Amino acid sequence: KNNQIPLKAWYADIDLSSNNNNIRIVQSHDTDRRETVSEFAEKLNAVVVVNGGYFLMDNNPTEHVGLLMTNHTIHSKALSSLLRGESRYFVTRGAIGITDQNQVDIAWVTSRHDSVFEWTNPVENSSNLPNNLLDYSQSIHWDVRDAIQAGPVLISKSKINISIENEVFFDTKIPEINPRTAAGYTSDGKLILMVVDGRQPDSRGVYLEELAIMMKQFHCIEALNLDGGGSSAMVADSRLLNRPGGRTFQREIMSAIGVFYHN
């Protein structure tokens, strides 16, 4: 809780070094390819679940926006380009991946054929100055088991570095004050999942810059903004912790990050 700004946030701190903890990207298998965070948690017996990547809300069945990968299978390819107005921008958008060793990575990624590639820095873009080329010689294969693309990246190389322009989130509602979900990790092997309520009298939501500061307070060396707004939800031990859109009603989503505990 914040005494200066009406704000409510929840976070989960998961020890990635523990053999009892398993992190997975999960996707809906319902006919419309969407279900609530609580339904994900119940069906999969997950101890913590937060919503994941962007999806097309008006489509039935829905479609993921950008990379969605589980158990080495790509269900939706990473974005490599998109239109803004009359211009096509070639992009490398942020994604979170989990390796076979249960380690977390956040990178700017693209797809090519049936492979995913990561980039040390995002391809440069800005409003009305599109990059019209992806030079794959600047990238390397991204070796992860599960992944979801969202964005923008909030923290990289231990510094707040919000790549709104390069990831082509300008002229969207993403940079505005919103309810938020974020994921990041620390140098000592902790996964940090965070949800911030918004659009409510007791929690206004945050700008991306504020979200990055909050994730930095938990010592994240890399962090990523996930889908937000009415999608932002966290369920822990079968209980919805926050109030999505000020209510207990949960929006159905397509992908999520699940934390599983094994004795």
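Two strands are taken to pair if DSSP finds at least two bridges between them, strands being DSSP runs of E with at least two residues, numbered from the N terminus. The model is predicted, and local features therefore need pLDDT of at least 70, side-chain atom pairs count only at pLDDT 80 or more, and totals for chains, interfaces and linings use all residues. Residues are numbered from 1 along each chain as its sequence is written, and side-chain values use heavy atoms, with hydrogens and water left out.

Strand β8 (residues 93-98) runs antiparallel to strand β9 (residues 104-112), to which six bridges join it, and Gly-94 is found opposite Trp-108 in β9. Both strands belong to an open, antiparallel sheet of seven strands, ordered β5-β4-β12-β8-β9-β10-β11. Because β5 and β11 (139-141) each have a single partner strand, they stand at the edges, and one side of each is left without a neighbour in the sheet.

Ile-74 is placed in strand β5 (residues 73-76) and, at 26% relative accessibility, counts as partly exposed, that is, between the limits for buried (under 20% relative accessible area) and exposed (over 50%), with a 1.4 Å probe and protein chains only. Contacts (heavy atoms within 4.5 Å) of Ile-74, not counting residues up to four places away in sequence, include Leu-67, Met-69, Asp-114 and Val-116.

Ala-223, which lies in strand β17 (residues 220-225), is buried, with a relative accessible area of 0%. Leaving aside neighbours within four places in sequence, Ala-223 is in contact with residues including Ile-106, Val-153, Ile-155, Ala-183 and Met-215.

Technical notes. Helix = DSSP H or I, 4+ residues; strand = E, 2+ residues; numbered from the N terminus.
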